Amino acid sequence: MIFGIGVDVLEAARIKKVLARFGDHFVERLLMPAEREQLARTKRPERFLAMRFAAKEAIVKAMGTGFAHGIWIRDVGVVQNAWGRPEVAYSPRGEKVRRKLGIGGGHVTLTDEAGLIVAVAVLETAPKQPAKKKAKSRKARR
């Protein structure tokens with residue numbers, strides 16, 4: 001079952017301006033460690049940063065929290081798996097909020113065209129845990 005859907009559209013030029021103004025400080029405040037590792041390997045850092053920013057916005061919209069209620073910009077992110085597929089990732093604090101909200105798996109897709117970045121996130125409801133059966137006392141078993 002779908003927990004939430006989030007969409008974000010952003011002009012890549014905005015991120016280019018912010019990066020020019022704040023440089024590494026912006027990168028450190030925006031990206032999770034795994035995202036910074038992938039940034040170091042990319043040939044198009046401005047595009048990478050713009051896509052991650054949009055993805056983070058889409059994810060927190062799908063969570064229904066925005067960047068509030070215990071979620072900060074580095075608490076959610078997107079890392080590419082070995083096939084290049086973007087996957088939703090959480091920091092330890094983000095993971096805690098995710099579980100508290102009852103969010104299971106997550107999906108994100110990213111695209112860019114004509115200077116615009118689009119991110120769409122779909123978060124699933126976590127599967128219900130079966131209720132634990134209470135152990136019968138010794139007295140009740142006799």
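Predicted model: local features only at pLDDT ≥ 70, side-chain atom pairs only at ≥ 80, totals over all residues.
I take two strands as paired if DSSP finds at least two bridges between them. Helices (H or I, at least four residues) and strands (E, at least two) are DSSP runs, numbered from the N terminus.

Residues are numbered from 1 along each chain as its sequence is written, and side-chain values use heavy atoms, with hydrogens and water left out.

**Sheet.** I looked up the bridge partner of G106 and found L123, in strand 5. Strand 4 and strand 5 run antiparallel and are joined by 9 bridges. They belong to an open sheet of 3 strands in the order 1-5-4, with antiparallel pairing. Strand 1 (2–11) and strand 4 stand at the edges with a single partner strand each, so one side of each has no neighbour in the sheet. On average, neighbouring strands here are turned by 10° against each other, direction ignored.

**Helices on the sheet.** Axes are lines fitted to C-alpha atoms, for helices over the stretch in contact, and angles run from 0 to 180 degrees between N-to-C directions. Helix 1 lies across strand 1 and strand 5, at about 70° to strand 1. Helix 4 lies across strand 1, strand 4 and strand 5, and runs at about 145° to strand 1.

**Core.** A nonpolar core is a set of buried Ala, Val, Leu, Ile, Met, Phe, Trp, Tyr and Cys residues joined through side-chain atoms within 4.5 Å. Buried means under 20% relative accessible area, exposed over 50%, partly exposed in between (1.4 Å probe, protein chains only). The largest such core has 34 residues, and L49 and M63 touch the most other members. Its largest share, 12 residues, comes from helix 4. Not counting residues up to four places away in sequence, L49 touches I15, L19, F26, V27, L30, L31 and L39.

**E35.** I looked up E35 in helix 3 (residues 33–41). E35 counts as buried, at 0% relative accessibility. Beyond four places in sequence, the contacts of E35 include L30, F48, R52, K56 and V76.

**S91.** S91 sits in the loop between strand 3 and helix 5 (92–101). S91 is buried as well, because its relative accessible area is 12%. A polar atom of its side chain lies 3.0 Å from the backbone nitrogen of G94. Leaving out residues up to four places away in sequence, S91 touches M32, R74 and D75.

Definitions and conventions: Contact = heavy atoms within 4.5 Å. Polar contact = N/O pair within 3.5 Å; in protein donor to acceptor, adjacent residues only side chain to side chain.
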